Amino acid sequence: MTTPQISIRNLCVDYITADGDVRAVNDVSFDIGKGEVFGLAGESGCGKSTIAFALMRLHKPPAFISAGEVYFADENGKMNDIMQLSDGEMTVFRWSQMSMVFQSAMNALNPVIPIVDQFTDVIMRHTDKNKYEAVKRAEQLLQIVDIHPNRLSDYPHQFSGGMRQRLVIAIALALNPKLIIMDEPTTALDVVVQREILQKIYALKEEFGFSILFITHDLSLMVEFSDRIGIMYSGQLIEVASAQDILKNPYHPYTHGLGSSFPSLTGPKAALIGIPGNPLNLLDIPTGCRFQARCPRVEEVCRTTANPLRQIEANHMSNCHLAVAGEAIKFVELETA
Ligand SMILES: Nc1ncnc2c1ncn2[C@@H]1O[C@H](COP(=O)(O)OP(=O)(O)OP(=O)(O)O)[C@@H](O)[C@H]1O
Ligand SMILES: [Mg+2]
């Protein structure tokens with residue numbers, strides 16, 4: 001990893017519910033380097049979007065950040081804890097330093113306002129550009145995402161789904177942020193358009209040098225477009241490694257299960273296994289490892305002892321008690337005909 005752009009330390013986010021306090025994000029720490037794409041994966045409800053909203057400080061009650069620091073590198077490379085920013089300071093910081101493409105991005109555009117106003121609104125609110133300059137910047141942004149600037153006065157419904165997605169990405173780029181959080185940026189699109197958009201995002205990242213937190217269910221896309229990947233389970237980060245390594249040499253049975261439950265397009269034929277059992281009830285957390293009830297390798301220590309994320313190999317972390325350097329979990333490979 002390069003020098004960190006953002007460094008998240010021991011982040012905890014809770015939801016206050018009628019049944020009690022649910023800790024949806026528990027003691028999560030990771031860094032994203034300058035210009036790095038960090039992928040965050042894990043099954044539905046594991047806490048990915050909660051992290052994204054907390055980082056942007058766009059979480060709403062009943063969610064609250066109960067612990068943690070989030071350091072963000074400024075122009076001079078100094079790391080400042082953005083959790084200490086006042087609401088006013090955060091409003092200035094948001095979009096100009098860190099922006100987000102939301103999970104339901106296609107609905108993020110206001111249907112009754114022409115897109116020119118949606119662009120100029122963001123630009124004029126955060127910079128001292130006048131309307132004319134903001135429109136010029138909006139035209140430039142449209143071109144960046146390969147949409148003709150003469151479409152600027154159109155309404156969202158006049159664009160295809162893929163184009164709307166690109167518009168939302170263009171708005172996220174408007175103020176040249178250093179980090180863009182993308183929460184399922186292409187999930188609603190067909191696979192061909194998905195790939196086109198991710199290639200576009202990647203090319204823009206290369207050109208402008210921002211970092212990306214990339215959240216998706218699609219592991220093959222994630223491996224293709226990320227530098228490093230963090231796997232979450234039940235509110236915790238359970239494994240972090242390079243994109244090349246994490247599914248090939250997993251050090252956590254859950255990651256192994258994830259890797260075994262989707263077909264590889266290019267690798268050897270392998271048995272699709274899946275992960276039996278259900279996600280944990282966050283109101284009923286067991287002592288020890290959170291994956292114990294579903295784990296094929298469970299041992300006594302997993303039921304009794306806490307398991308913080310730890311370094312297993314250089315650039316490879318796992319919270320599995322049983323992980324031993326050099327002994328990654330092997331895939332069951334089928335004999336090819
Ligand atoms: N408003 C809320 N009130 C109570 N609990 C919530 C609320 N929003 C989310 N949660 C809980 O927080 C946990 C994490 O949810 P989150 O949306 O972050 O998951 P996710 O990993 O983004 O899932 P997905 O892949 O489906 O988008 C879940 O258990 C969810 O039930
Ligand atoms: Mg989500």
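Entry one: a helix on a sheet. I found that helix 6 (residues 191–208) lies across strand 3, strand 7 and strand 8 (211–215). Helix 6 runs at about 160 degrees to strand 8. Helices (H or I, at least four residues) and strands (E, at least two) are DSSP runs, numbered from the N terminus. Contact means heavy atoms within 4.5 Å. Axes are lines fitted to C-alpha atoms, for helices over the stretch in contact, and angles run from 0 to 180 degrees between N-to-C directions.

I noted the ground rules. This is a predicted model, where local features need pLDDT of at least 70, side-chain atom pairs count only at pLDDT 80 or more, and totals for chains, interfaces and linings use all residues. Residues are numbered from 1 along each chain as written, chains are lettered from A and ligands numbered from 1 in written order, and side-chain values use heavy atoms, without hydrogens and water.

I read its order as 6-7-8-3-9-10-12-11, open, with mixed pairing. Strand 6 (98–101) and strand 11 (310–313) are at the edges with a single partner strand each, so one side of each has no neighbour in the sheet. Two strands pair if DSSP finds at least two bridges between them. I saw that strand 3 (residues 37–41) and strand 9 (residues 228–233) run parallel, joined by four bridges. There, Gly39 stands opposite Ile229 in strand 9.

I found an open sheet with the order 2-1-4-5 and antiparallel pairing. Its edges are strand 2 (20–33) and strand 5 (79–81). Strand 1 pairs with strand 4 (residues 63–73) over eight bridges. Val13 has Ile65 in strand 4 as its bridge partner. I then saw helix 1 pack on this sheet, touching strand 1, strand 2 and strand 4.

Entry four: the ligand. Which residues are closest to ligand 1? I listed Ser44, Gly45, Lys48, Thr50 and Gln103, out of 14 that surround it. A residue is near if one of its heavy atoms lies within 4 Å. Helix 1 (48–56) gives the most to this shell, with three residues.

I checked polar contacts (pairs of N or O atoms within 3.5 Å). An N or O atom in the side chain of Lys48 is 2.8 Å from an oxygen atom of ligand 1. A polar side-chain atom of Ser49 also lies 2.8 Å from an oxygen atom of ligand 1.

Technical notes:
Polar contact = N/O pair within 3.5 Å; in protein donor to acceptor, adjacent residues only side chain to side chain.
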